[in-house]
Amino acid sequence: MIERRRPVITYLVLTAFLLLVITPFIWMVLGSLKSQGELLQVPPTWLPEQPTLDNFQRLFERPFGRYFWNSTVVAVAVTVGNLVFSSMFGYALAHLSFPGKKILFALVLACLMIPGLVTFIPQYVLVVNMGIAGTLPALILPFLVQPFSVFLMRQFFLGLPRELLEAGRIDGVGEIAIFFRIYLPLAGPAFATLGILTFLGSWNNFLWPLVVASSERTYTLPVALALISTGQNQTDYGLLLAGATLIVLPILVVFLFFQRHFIQGIATTGIK
Amino acid sequence: MTASPDTRAEPQIPRGAGSPPRGRSRRAAGEARAGLLLSLPFLVLFLVFIAWPVLQSMIMSFTDMRISDIRTPFAVEFVGLENYRTAFSDPVFRRAAANTAIFVLLGVPLTITAGLAAALALDRGVSRLRSVFRIGFYTPVITSIVAVAVVWRFLLQPENGLVNTVLGWVGIDGPNWLGDERTALLSLVAMAVWRNFGTSMVIFLAGLQAVDRQLHEAAALDGAGRWQRFRHITLPSIRPTMLFVLVTTSIGYLQFFEEPFVMTSGGPLNATISASMYTYNQFGFGNYGVAGAMAYLTFLVIALVTLLQFRLMREK
């Protein structure tokens with residue numbers, strides 16, 4: 001109430017700030033439609049003078065369809081794995097008592113703090129010795145279980161009433177069936193949050209696939225774009241901006257679709 | 001189908017004879033079994049792909065393991081603290097640690113301030129278009145770092161980049177942002193703040209729900225100014241949120257890696273190389289033992305900083 005004395009100024013400041021934040025994206029999309037000549041012009045142009053899809057055409061002369069497919073397969077597999085394994089474990093941590101539970105939960109939580117580089121080399125040695133380096137499973141397996149996912153699912157199940165469990169027991173429903181038939185159907189909102197978070201993380205994951213995906217057949221989009229942008233095409237901005245647009249747009253669409261769950265989910269895990 | 005053993009077990013309890021202690025202990029056993037069964041798939045993968053590598057990495061940091069030992073990881077020599085000594089006496093690693101410190105000390109406060117300012121403006125200042133602003137501010141967070149790098153390198157071009165063109169309008173001759181030792185790290189800080197403030201904004205937005213509006217109005221009636229109300233009402237109410245944002249942002253920034261990796265490769269002249277990036281380089285050179293030691297040093301710093309932040313924020 002009191003705060004709304006000068007909303008116009010707030011709106012102006014916020015709008016200016018918003019433009020500043022999203023300018024790189026506007027610049028990216030506009031740039032992907034410009035010719036190389038126009039991209040190098042001084043001073044730069046805002047709108048493309050002669051919009052062209054040539055950059056995207058050149059992009060798809062490379063197996064970018066394949067990379068897109070790889071990124072999708074990996075992201076979907078990682079997402080499904082996290083939903084399945086973390087919801088099972090998260091539920092057990094929240095509502096069941098079993099030996100070693102506290103230690104296991106502490107162990108998983110401790111791993112939230114451990115930098116990715118600590119596990120990086122042993123994981124690399126592991127996939128090499130398993131003989132799966134350079135295959136899609138190598139991009140999927142190490143990410144199927146993530147401490148953060150368990151944390152999120154545990155917090156969610158803690159928020160569901162325990163009476164459901166008691167009622168299930170009285171009705172003679174088996175312990176495991178109680179999870180699958182009573183609690184799991186209620187986990188929609190948590191699944192939406194965790195699903196989109198994991199999907200995003202996997203889609204944007206970069207370092208691991210860069211090191212492990214050793215052939216063109218298994219490149220994901222970020223790997224392919226990174227390799228183009230450091231090679232002889234370093235200054236082919238049209239091609240690079242088209243590639244960047246191709247990575248960003250699908251995720252933006254997914255995000256806009258799910259953003260409510262997404263933002264709420266982050267917020268709730270942050271508070272607890 | 002996994003449920004069948006339990007559904008079968010339940011009716012076996014004799015109805016009348018179900019004296020409380022026996023029934024309870026049998027049920028407790030069933031509960032424990034279910035708990036273990038539900039945990040097992042996660043735990044197996046967790047042990048193989050996370051817990052064991054964490055341990056292995058620690059062991060590795062005390063050995064002379066190199067890339068040539070990759071197929072025979074047990075045929076390595078223990079060298080004690082040699083790798084840690086190597087790390088400390090390496091001038092590039094020291095430079096990398098200093099760069100990381102600067103990045104954290106500048107980046108964390110800027111990110112938190114920007115996130116809090118945006119959250120305050122959206123929470124109280126505006127009622128319309130709130131979700132438009134929220135989505136817009138959050139967009140950089142969901143974007144692939146590789147795509148971000150492409151766009152930012154293009155924006156920061158010395159001759160015809162958008163940034164220097166705009167600076168040119170007001171008569172400033174912008175530097176070669178990423179090519180100049182004095183501005184390269186600062187550019188990466190700016191980029192990281194742009195990319196991450198959305199996350200803290202979202203968390204602060206949730207935390208601000210805990211602020212008592214009536215208290216605010218009462219204080220305003222008593223003549224407390226905006227700043228006083230922010231300082232004495234808002235800030236204490238969002239203390240737990242602040243701690244969470246501070247800890248998670250710090251943990252993330254201490255591992256500062258992707259920005260220099262994709263933007264500058266650590267250059268010019270190691271001006272932007274970070275501890276994590278140099279660790280990764282050691283892995284690339286095949287010095288697994290040294291890389292393990294450096295990774296554990298980063299972990300140690302993260303643990304210490306987190307502990308310190310918890311202490312400081314809990315104090316009052």
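This is a predicted model: local features need pLDDT of at least 70, side-chain atom pairs count only at pLDDT 80 or more; totals for chains, interfaces and linings use all residues.

Residues are numbered from 1 along each chain as its sequence is written, and chains are lettered from A in the order in which they are written.

Chain B holds 14 helices and zero strands, where helices are DSSP runs of H or I with at least four residues and strands are runs of E with at least two, numbered from the N terminus. The C-alpha trace of chain B spans about 90 × 70 × 40 Å along its principal axes.

Within chain B, helix 11 (residues 239-254) packs against helix 14 (residues 288-314) at an angle of about 165°, with their axes 10 Å apart; the axes are lines fitted to C-alpha atoms over the stretch in contact, and angles run from 0 to 180 degrees between N-to-C directions. Helix 11 of chain B is therefore roughly antiparallel to helix 14 of chain B, a term for angles over 145 degrees.

Turning to the interface, the contact takes 85 residues from chain A and 86 residues from chain B, two residues being in contact if their C-beta atoms, placed from the backbone, lie within 7 Å. On the side of chain A that touches chain B, helix 14 of chain A gives the most, with 17 residues.

Conventions. Angles under 35 degrees count as roughly parallel, over 145 as roughly antiparallel, 65 to 115 as roughly perpendicular and the rest as oblique.
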